[in-house]
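Take a look at the sequence and the structure below. This report goes through the chains one at a time and then looks at where they meet.

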Amino acid sequence: MTRDDDMLQATRRRFLLETAALAGAVGIAVPLGVKPASATPASMRAAIRKVVGEAPLNKGKVKIDVPPLIENGNAVPLTVSCESPMTADDHVKAIHVFAEKNPQPNVVSVQLGPRSGRATVSTRIRLADSQKVIAIAQMRDGSFWSGEAEVVVTLAACLEGV
Amino acid sequence: MRPAAAVVLATAVLGATATAGEIPLADRKSGYEFMARDTRAMQDDDTANPGMLWVLDGEALWKRTEGSAGKSCVDCHGDARVSMKGVAARYPAFNAARGRPVDLEERINICRTQQQQSTPLPFESKELLALAAYVGQQSRGMPIEIADDERTKPFLQAGHELFTQRQGQLNLSCAQCHDDNWGQKLAGAAIPQGHPTGYPLYRLEWQTLGSLQRRLRNCLFGMRAISYPLGAPEYVDLELYLMWRARGMPVETPAVRP
Amino acid sequence: MARALINAPAQAKRGEIIEIKTLISHNMETGFRPDNTGKPVPRDIITDFICKYNGQEIFRAELFPAIAANPFLTFFTVATESGTLSFEWTGDNGFTATESVNITVE
C-alpha cells in the first residue's frame, strides 16, 4: 500500500473522529482499526522534553540542510551541522532530530565526541506531510541548542495501485 | 489520480493545439533532468545510490553456481564488465527461439532455464532485479541502440500503437502526457518524457528497486486502465518502442527517480 | 546478511578529518503502514548503528521509523592511526549486520 493510502486513511479517520464528536458520539460506532497515525506538536514537545528536561532550549548553532520542496516524502536528504570546535572541553555530545507531523516525532539521535572532528551528520528521512523538522544539539557543558526548517512535501503522480 | 488532477489534465489536453507528435531528437531529456537537485545527487553518488546495493547483489549472483548444469554466469560469460558491456543498451532484442523480442529479464531467465538448467526467477523478485541491475550497469553511459532488425519491426509498430492509443477510464494515451505535455505539472510533479534510460531503478515512491514493467503498471493504474500481468508481451513491445524513441540517450542504470 | 556499502578513505593524514558514508539494505518497515486488510504491518527496523575505530566507539546512532528505507548515514571522524573501522547495525527481530574497512594513516 502506498503512503498516499496512509494519508487518506489518516484523513478518513480524522473525519470520522470529528463527525463522531459533533454527533455527540452517542451510540455511533466509529470503526477504528488502527490508531490515528499523526503526531501532534504536543507529542513532539513531549519527546523533546524527554531529551532536554527542564533545561532552557537556546536557538542557534544548529543548521538543518533540507530541500525546501520535496518530490517524495519517502527519502528526504537531511544534513544537520553544529558550530563547535569539537575539542575535549567543548564539543557536541549528541544531536536529536524531530519531525512535527510524523506518526512518531523522533527521527534519529546520534552520539558524537571530540574524536568526531566535525559535528555534521547526514541521512535520508521520511516525512509524512509538509511540516517542521527540528534538530537539538546537546553540548558537553550541558546546554541545548536548536535549529529548525520548514519543509513542503509533494507526491509523485501515477502511484501504485493495490 | 486525484479528481482535481484529472480535470486539470483534461483541460490541458482539450485546450491544447494539434498534438505535438514525437519529441524532436534534440529536445529529448531524461527523467533525470526533471528531478530535484538532491535526487540527482543521490543517483550520481555510487555510495549513496540505493540501487547500487542491488548491483552488488547481482555481482554476487553472477558468480553463483545454479541449476543441474552446475554453471554460474561466469562460466559462460566470464567478466561481466567485458561480456555484458553494451548489452542492456540494445535490449529488448529479437530471440529466434521465441520468435519475438524479449526484454533483459526474460533473456536472463532463458539462460537460467536453458543453459543453467535451473528455474526461472519470478518477475520483480530481488534476485532477478539484482541481475538485471548488474547487467544494466555495465552499459551505464553508453548510448541506447536497438538493433535495426527487420524481424522486430512488427513488434516496434505494436509498441508504437500501444503508446499512442487512448485507453482506460480517462481515455488517455501515453503520448498525450509524455509527447504532448512533458514538462508541465501533474498533481504537483513535472511530467517527464518517459524514456526508460535507467531501469531497473530505485523509485523513492516504491522505496525499493523496480523494473520498467512495474513502472508501466503504475502508469496504467494512474490512467485507470487495466494492467497487463507482469511478463506480458505488450510490455516488451512497448519497451521496444520506448527504447527506440530513446535511441542515442545514455543508459543510467541504476537510476533514482521520485 | 544484508548488503552494506561503506565509503571511507583508504588513506589519510594523521589528524585529518575524514567523512564516512554508510548505506545498508533494509526495508525499515515503520509499523504504521496498513496491509491489504487495514491492519498495520508490524514494525521491523534497524534501531542502532555503531562505528568503532580500532575497537573504540567513535559514532553511535539510534534510528527510528522515520529513517528512510535502505538507511544512509554519513558522519565524520579524526584519522588518528592506521587500523580498522568496523560498523555494526542491529534492529528488530534480531537483525544484525557488520562490515569493516581498513585505513592507513600516515
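How many helices and how many strands are there in chain A? Chain A has two helices and nine strands. This is a predicted model. Keep that in mind throughout.

**Chain A**

Read chain A from its N terminus. The order of its elements is α-α-β-β-β-β-β-β-β-β-β. Chain A has 162 residues, and 40% of them count as buried. Now consider its contacts with a separation of 6 or more. Residues 24 or more positions apart account for 66% of these contacts.

**Where chain A meets chain C**

Here 31 residues of chain A are in contact with 27 residues of chain C. Three elements of chain A each supply at least two residues to the side that touches chain C: helix H1 (3–22), strand E6 (106–111) and strand E7 (120–125). By class, that side of chain A holds 13 nonpolar, 13 polar and five charged residues.

Strands pair across the two chains too. E6(A) and strand E5 (residues 56–63) of chain C are antiparallel partners, with four bridges. Within chain C, E5(C) also pairs with strand E4 (residues 46–53). That pairing is antiparallel and has six bridges. The table lists some of the residues that face each other.

|---|---|
| Asp48(C) | Glu62(C) |

E4(C) and E5(C) form a hairpin with two residues between the strands. In this hairpin, Asn54(C) takes a positive phi near 50°.

**Chain B: confidence**

The mean pLDDT of chain B is 92, and 92% of its residues reach 70 or more. One stretch stands apart. Over residues 1–19 of chain B, pLDDT stays under 50. For that stretch the model has 14 contacts beyond four places in sequence. Where pLDDT is low, the predicted coordinates should not be read in detail.

Start with helix H11(B), residues 233–245. It has 13 residues. From its first C-alpha to its last, H11(B) reaches 18 Å, close to the 18 Å expected at 1.5 Å a residue.

Why is H11(B) described as largely enclosed by the rest of the structure? The reason is that 10 of its 13 residues are buried. Among them are Tyr235(B), Val236(B), Leu238(B), Tyr241(B) and Met243(B). Asp237(B), Glu239(B) and Arg245(B) are buried as well. What covers the buried residues of H11(B) includes strand E2 (100–102), helix H8 (153–164) and helix H10 (212–222) of chain B.

Now turn to H10(B). This helix is mostly covered, with eight of its 11 residues buried. The buried residues include Leu212(B), Leu216(B) and Gly222(B). Arg214(B), Arg215(B) and Arg217(B) are also buried. What do the buried residues of H10(B) pack against? They pack against strand E6 (208–210) and H11 of chain B. Just after H10(B) comes Arg224(B), which takes a positive phi of about 60°.

Note on methods:
Residues are numbered from 1 along each chain as its sequence is written. Chains are lettered from A and ligands numbered from 1 in the order in which they are written. This is a predicted model: local features need pLDDT of at least 70, side-chain atom pairs count only at pLDDT 80 or more; totals for chains, interfaces and linings use all residues. The expected span of a helix is 1.5 Å times one less than its number of residues. A residue is buried if 20 or more other C-beta atoms lie within 10 Å of its own, exposed if 12 or fewer, and partly exposed in between; C-beta atoms are placed from the backbone. Two residues are in contact if their C-beta atoms, placed from the backbone, lie within 7 Å. Ala, Val, Leu, Ile, Met, Phe, Trp, Tyr, Cys and Pro count as nonpolar, Asp, Glu, Lys and Arg as charged, and the others, Gly among them, as polar. Two strands pair if DSSP finds at least two bridges between them. pLDDT is the predictor's confidence in each residue, from 0 to 100.
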